[in-house]
Amino acid sequence: GAVASIAADAGFQGAHGNNATLYNAAAAQVVSDAEGIFSTCIATSKATMGGTIDAIDGAGQLPPGITAAFLKATANSFIDNAFVFFGGVGYQWRRSYVDLADDAAVVDHVVNSVAFQAPSAVDAATCLGSTLQGGNSCCLLWSGTKLPDNLWLGAGSKTFANGGIPAHRVGINNFGQGSLIWENNLVTNYGLSAAPSRDEQEELAIQFERKWIDYIKPIWEGEQKCPSSTTLNAVDCVTKIDFLFDDSVDDIIKDASKPEAILVITGYLVLIIYTALALCRFPCVYSRAGLGLMGIFVVALSTVAGFGLTAFFEKLNPLSTNLVPFLSLGIGVDDMYVLIQTLVLQAVDSSDPEKRMEETMAVAGPSVFLTSLTNTCAFFVAALTPIPAVTQFVIQMALTVVTNFLSLMIIFVPMMAFDAQRVADKKNDIFCCGAASEAEEEENYVSSTSGPINTCTSKALIPCMRSVVGKIVILFVFSAIFVILAVLAFTEVKNGFQISDIALRGSYQRDFVTIQETYFGGYSNSLISLNGDQDWETTSSSNPADALNCDDSSCKSFVFKQMLDSLEASDLTQGVLDLTWLLTGSTTLNGFRASSIAPPAGFNAANWADSSYGTPPAAFRSVFSAWAGTVGATSLSNLACRDWSTDTLVVCTKYEATNDVKLDAAASSIYTKNLLDDDDFIAVIKDGRKRVDAIDPNNSYMYGYVYQYWDQYVNIETNLYKIVGWALLGCFLATLIFQFSPITSILVTLVILKVIIEVYGFIYVLGIKLNAFSLVNLTMSVGLAVEFTAHVSHVFLMAKGTKNDRMASAVMEMMAPMANGFASSFLAVVALGFAKFPFFRDYYFGMFGFMIAMSFLDGMIFLPVVLSLIGPAEFSTAHTPKSGMAMQKLGSRAAVSTETTDV
């Protein structure tokens with residue numbers, strides 16, 4: 001309590017204003033009192049040792065050449081180095097590294113110390129006794145209990161004895177905001193009438209950590225100059241110090257959540273330039289560059305609206321601020337291109353803007369609505385994932401798709417109507433210069449000018465897709481790509497995610513977590529047990545002997561011990577029974593009972609004195625109240641007590657022999673070991689839950705950093721299949737309802753699934769893993785694949801003629817807008833390739849770039865070939881839309897009249 005109170009003092013001025021002087025004085029008094037007790041302890045030890053030496057000297061029993069003064073000086077030095085005050089509680093013992101001759105001596109000292117402690121428990125008395133007798137020193141926690149080796153010694157795949165000690169870790173554990181013990185200490189130590197609010201406590205905790213960071217970071221920064229710096233002491237370049245605090249991780253998230261404005265601006269500028277070039281035409285009457293730029297503005301406006309709508313319900317997260325601007329732009333611009341392209345192709349109605357808009361919306365409206373609907377369904381279904389940040393992100397994407405669609409329909413479509421009227425009036429596009437009088441009729445213009453995309457499509461791609469050899473080659477190549485990536489997806493892709501994947505290269509956070517992930521396999525977690533139907537003061541058995549012995553499952557303490565025994569037996573945990581507040585040590589509840597309290601009348605004296613037995617329910621209140629007020633004070637952070645008269649949680653020091661306070665829940669530290677791979681983390685989660693659930697599944701559970709962070713990966717594949725499956729079902733139903741063709745709906749859904757599996761396999765190629773972020777991306781691939789499949793399948797259904805003719809018409813009509821959509825979507829994410837954080841480059845530029853490419857290729861080449869082979873027959877009401885007439889004129893030589901090569 002003193003440490004937390006003193007260290008947090010920097011925050012008192014800002015948090016409490018004029019009371020800072022009072023807090024400073026109180027903090028100084030706390031330190032003075034604690035140091036006084038510590039000094040008294042040392043002085044008493046020196047006096048006792050000095051008296052012993054004098055007695056030996058008086059008896060003439062000192063060795064020859066050894067004086068009493070020399071022995072007293074040696075003993076005093078030993079005592080000064082053996083006891084170290086920190087926090088006013090506990091002590092530690094080890095030899096000073098400065099006193100060791102060289103690195104080999106340090107390694108030998110540590111290795112011998114570890115060997116002395118393993119595998120039996122070592123308490124403070126054993127450690128100090130061994131040291132005083134010239135034996136091994138020990139490595140103890142501040143409370144005097146054994147410290148698990150791989151919590152503080154970094155080994156990785158090495159052994160201490162053979163490979164040395166590559167790293168040494170020290171932990172600083174603090175009270176968090178809301179801790180009842182800390183609240184009690186703040187009130188008591190500083191004379192407050194009430195505890196500071198949670199916000200004030202959080203500010204104190206953050207300021208405490210910031211003080212540490214401000215102190216250590218300059219040291220770390222100085223080490224980065226080694227060995228070139230001549231101003232640093234040589235020793236400073238031998239040992240490298242890395243550090244991390246909770247607030248350090250928050251800093252990573254804050255930095256990652258700051259949108260890189262230059263990337264957003266660059267992405268939009270590149271897209272604006274591309275759109276202007278792609279839609280600019282001569283004569284300028286028929287240019288749509290101005291309309292395209294207004295469309296980008298509308299999409300950007302809808303993206304901002306999506307941000308506002310999401311922020312109305314909850315906070316935004318880093319995924320939102322950095323990714324949604326790019327993804328929304330790509331999806332929205334795709335639909336914009338489809339609308340503009342369809343408008344251009346209604347050239348036969350160029351003199352009647354109203355009819356032109358009717359035909360445009362009749363052709364393109366259903367496709368745009370279908371893709372928007374399926375995207376929205378896919379994103380909302382992806383919200384089923386149990387990962388909150390992912391859920392929030394996909395919900396925002398769903399809302400943004402809705403705002404995109406509404407903005408296009410409500411704002412952009414009227415703009416198209418104005419543009420259609422402009423063309424009818426033979427007025428130039430605002431972003432193009434040329435003579436309006438020179439313009440020929442638009443129908444003839446569209447038929448006689450094609451542009452590079454349509455030219456390549458009509459002269460090269462469609463003849464290939466219509467021929468037998470071309471179909472075989474396309475199906476073989478696309479199938480081979482699919483098979484290779486599917487094998488990688490289901491055999492090579494690993495699950496997991498490390499903090500080093502997101503931390504910025506060259507930062508102190510990344511340096512620390514890289515070493516931690518490489519060398520340290522030890523993590524602290526907790527077994528937590530709630531009372532439920534059984535508490536520590538009652539027994540579920542009617543047999544009085546059970547209540548006295550507490551050696552069966554009718555006793556809460558026995559159940560808790562069973563779980564600890566089971567966890568101790570696991571190969572993945574260590575030091576469980578050495579570190580619990582409950583069992584055998586002299587400072588534990590049962591150890592205190594066995595050694596310090598006489599058994600009440602009627603209790604089994606032998607079992608009472610055996611600390612391996614639980615404390616009987618009938619005696620639990622008296623034992624616990626005595627223990628909590630003395631040696632048990634160091635374990636209060638693992639205990640939660642409730643005052644049932646007010647139904648509020650209280651500090652367990654208020655637990656007395658007769659009152660309404662009861663132990664409501666208890667925890668025990670569980671230290672895991674050898675967790676150096678994501679599979680190790682998943683294994684320890686499954687193992688811990690299996691062991692606890694086998695004994696007390698309803699009231700006990702495992703919790704901690706490992707369980708909190710890696711839990712998502714235990715069922716990540718199941719979540720993937722479930723979310724993608726539901727999203728595909730939504731796509732199938734949506735396409736079925738709006739296209740009325742089961743065969744087409746099945747083929748479109750299968751092609752979307754093909755894209756998902758290919759992107760899944762590409763995860764391995766990129767060197768990343770399946771986790772919450774890649775799971776979102778795979779869900780996103782549903783939405784992007786829909787953009788490139790639904791439009792072309794819709795045109796195929798509505799076209800007339802043979803399947804080959806309908807395939808050619810669909811490809812000719814949709815290739816230009818889909819190619820522009822592909823280019824715009826890709827350009828929208830290219831900026832992410834230059835992001836500061838490698839996380840965004842790996843997970844978003846790489847995955848999205850491949851996702852967009854495969855969606856386009858599968859949708860515009862593979863799917864049309866499949867439709868030409870096994871697609872549905874034309875609708876009985878099928879007709880060639882006016883856009884189709886224009887396309888037939890545009891590509892008649894290759895698209896319609898190559899009957900000799902038809903399949």
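This is a predicted model: local features need pLDDT of at least 70, side-chain atom pairs count only at pLDDT 80 or more; totals for chains, interfaces and linings use all residues.
Helix H29 is followed by Phe740, and the phi of Phe740 is positive, near 55°. Helix H29 itself covers residues 716-739, which makes 24 residues. From the first C-alpha to the last it reaches 34 Å, close to the 34 Å expected at 1.5 Å a residue.

Which residues of H29 are buried? They are Ile716, Asn719, Leu720, Ile723, Val724, Ala727, Leu728, Gly730, Cys731, Ala734, Thr735 and Gln739. As for what covers the buried residues of H29, the helices include H15 (353-382), H28 (705-714), H30 (742-766) and H31 (772-798).

Helix H30, one of those covering elements, has 25 residues and reaches 36 Å between its first and last C-alpha atoms, close to the 36 Å expected at 1.5 Å a residue. After H30 comes Gly767, with a positive phi near 80°.

The protein chain has 903 residues, and 51% of them count as buried. It contains 34 helices and eight strands. Among contacts between residues at least 6 apart in sequence, 73% join residues at least 24 apart.

I turn next to helix H16, which spans residues 388-424 and has 37 residues. Its first and last C-alpha atoms are 52 Å apart, close to the 54 Å expected at 1.5 Å a residue. Where is the kink in H16 centred? It is centred on Leu408, and the kink is of about 35°.

Just after H16 stands Lys426, with a positive phi of about 60°. Lys426 is a residue other than glycine with a positive value of this angle. It is placed in the loop between H16 and helix H17 (442-448). Is Lys426 buried or exposed, or in between? Its relative accessible area is 29%, so Lys426 is partly exposed.

A further example is Asp647, again a residue other than glycine, with a positive phi near 55°. Asp647 lies in the loop between strand E5 (639-643) and strand E6 (648-650). With a relative accessible area of 46%, Asp647 is partly exposed.

The next topic is how helices pack. In general, two packed helices are described by the angle between their axes and the distance between the axes. Helix H9 (residues 180-190) packs against helix H10 (residues 198-223) at an angle of about 90°, and their axes are 12 Å apart. H9 is therefore roughly perpendicular to H10. On the H9 side, the residues in contact are Trp182, Glu183 and Leu186, and they meet Arg198, Gln201, Leu204 and Ala205 of H10. What kinds of residue form this contact? They divide into four nonpolar, one polar and two charged.

Ala665 is in strand E7 (residues 661-672). Its relative accessible area is 13%, so Ala665 is buried. Not counting residues up to four places away in sequence, Ala665 touches Ser529, Leu530, Asn638, Leu639 and Ala640. Ala640 is 25 residues from Ala665 along the chain, and the C-alpha atoms of the two are separated by 5.1 Å.

Asn699 is placed in the loop between helix H27 (678-693) and strand E8 (700-704). Although it sits in a loop, Asn699 counts as buried, at 19% relative accessibility. Why does 19% count as buried? The cut-off for buried is under 20% relative accessible area, so Asn699 falls within it. Leaving aside neighbours within four places in sequence, Asn699 is in contact with Ile528, Ser529, Leu530, Asn531, Gly532, Asp533 and Lys556.

At 40% relative accessibility, Ser622 counts as partly exposed. Ser622 and Glu656 are 34 residues apart along the chain, and their C-alpha atoms are separated by 7.3 Å.

Methods
Residues are numbered from 1 along each chain as its sequence is written. Side-chain values use heavy atoms; hydrogens and water are left out. Helices (H or I, at least four residues) and strands (E, at least two) are DSSP runs, numbered from the N terminus. Buried means under 20% relative accessible area, exposed over 50%, partly exposed in between (1.4 Å probe, protein chains only). Contact means heavy atoms within 4.5 Å. The expected span of a helix is 1.5 Å times one less than its number of residues. The bend at a residue is the angle between axes fitted to the seven residues ending there and the seven starting there. Axes are lines fitted to C-alpha atoms, for helices over the stretch in contact, and angles run from 0 to 180 degrees between N-to-C directions. Angles under 35 degrees count as roughly parallel, over 145 as roughly antiparallel, 65 to 115 as roughly perpendicular and the rest as oblique. Ala, Val, Leu, Ile, Met, Phe, Trp, Tyr, Cys and Pro count as nonpolar, Asp, Glu, Lys and Arg as charged, and the others, Gly among them, as polar.
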